[in-house]
Amino acid sequence: MATYLVTGANRGIGYEYCRQLQVRGERVIAICRTASEELKQLGVRVEEGIDITSDASVTDLRDRLDGTTIDVLINNAGIVKRVTLEDLDFESIREQFEVNALGPLRVTHALLPLLKAGSKIALMTSRMGSIADNTSGSSYGYRMSKVASSMAGKSLSLDLKPRAIAVAILHPGLVQTRMTNFTSGGITPEESVKGLLARIDELTLENTGTFWHANGEVLPW
């Protein structure tokens, strides 16, 4: 039994991470601003009131977890807002950077004292943050913030390798969640998280820093 901490756990992929991990018999710490009823009913440890864009809030989380060793930190919390060239909303872009790029780095930095040699970190990024794979443009805030998140993950993988902490940079696929308006062309959260957990399970210091699709495909930067 290992201890997994999941941010953005109240719904969608985050909730599904918590559900599948609990079924596996792992210890789960679910982090969110406001817990959904379905999350409360899972029976996992829930820490509410955490805003990953706030230094004070993330410090409060670390204080709440004092003495807890985290085996796997899953930085899942994220937002998407549609920003086109014709309607550039710089405040929206800043907000997406705060949540999608700075948030995971802020959480990881604050919780590093709770990780040990052999611990793992996963950053949920997106194929939309791949420069080589961008063939449709637009989505400025989301694409740019996810590029930054992936770069943070790559740097973390190098900086933490001497501490024997491995880092995965993960794309969940196109998933039927509220974030994607439950797109009919996507896969279910169950299928996505099954693949994501397989990638985390196979994460080692030898493949640390890899940018993976949930299905195991290595994605281009």
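## Packing, cores and loop residues in a predicted model

Ala-164 is partly exposed, with a relative accessible area of 23%. Here buried means under 20% relative accessible area, exposed over 50%, and partly exposed in between, with a 1.4 Å probe and protein chains only. Ala-164 sits in the loop between helix 5 and strand 6. Its phi is positive, about 65 degrees, although Ala-164 is not a glycine.

This is a predicted model, in which local features need pLDDT of at least 70, side-chain atom pairs count only at pLDDT 80 or more, and totals for chains, interfaces and linings use all residues. Residues are numbered from 1 along each chain as its sequence is written, and side-chain values use heavy atoms, with hydrogens and water left out. Helices (H or I, at least four residues) and strands (E, at least two) are DSSP runs, numbered from the N terminus.

Ser-139 also has a positive phi, about 50 degrees, without being a glycine. Ser-139 belongs to the loop between strand 5 and helix 5 (140-160). Ser-139 is buried, at 13% relative accessible area.

**Helix pairs**

Two helix pairs are tabulated here. Axes are lines fitted to C-alpha atoms, for helices over the stretch in contact, and angles run from 0 to 180 degrees between N-to-C directions.

| Pair | Axis separation | Angle |
|---|---|---|
| Helix 1 (12-24) and helix 6 (189-201) | within 9 Å | roughly 65 degrees |
| Helix 3 (55-64) and helix 4 (90-111) | 9 Å | about 35 degrees |

Helix 1 passes helix 6 in a right-handed crossing. Helix 3 passes helix 4 in a right-handed crossing too. A crossing is right-handed if the near helix is turned clockwise from the far one by less than a right angle, and left-handed if anticlockwise.

Contact means heavy atoms within 4.5 Å. Helix 1 contributes residues including Ile-13, Tyr-17 and Leu-21 to its contact with helix 6, whose residues include Val-193, Leu-196 and Ile-200. By class, that contact has 8 nonpolar, 2 polar and 6 charged residues. Ala, Val, Leu, Ile, Met, Phe, Trp, Tyr, Cys and Pro count as nonpolar, Asp, Glu, Lys and Arg as charged, and the others, Gly among them, as polar.

Between helix 3 and helix 4, Asp-55, Val-58, Leu-61 and Arg-62 meet Arg-106, Val-107, Ala-110 and Leu-111. The classes are 5 nonpolar, no polar and 3 charged.

**Cores**

A nonpolar core is a set of buried Ala, Val, Leu, Ile, Met, Phe, Trp, Tyr and Cys residues joined through side-chain atoms within 4.5 Å. The largest holds 31 residues, and those touching the most other members include Tyr-17, Leu-170, Leu-196 and Ile-200. Helix 1 gives the largest share, 5 residues. Ile-200 contacts Tyr-17, Val-72, Ile-74, Lys-120, Ala-122 and Leu-170, leaving aside neighbours within four places in sequence. Apart from this core lies another, of 25 residues, among them Val-58, Leu-73, Leu-123 and Ile-165.

Leu-5, in strand 1, is buried at 0% relative accessible area. Its C-alpha atom is 6.1 Å from that of Ala-30, 25 residues apart along the chain. Beyond four places in sequence, the contacts of Leu-5 include Ile-29, Leu-65, Leu-73 and Leu-111.

Thr-208 is found in the loop between helix 6 and strand 7 (211-213). Thr-208 is buried, at 13%. A polar atom of its side chain lies 2.8 Å from the backbone nitrogen of Val-167. Not counting residues up to four places away in sequence, Thr-208 touches Ser-157, Lys-161, Ala-166, Val-167 and Leu-203.

Notes. Polar contact = N/O pair within 3.5 Å; in protein donor to acceptor, adjacent residues only side chain to side chain.
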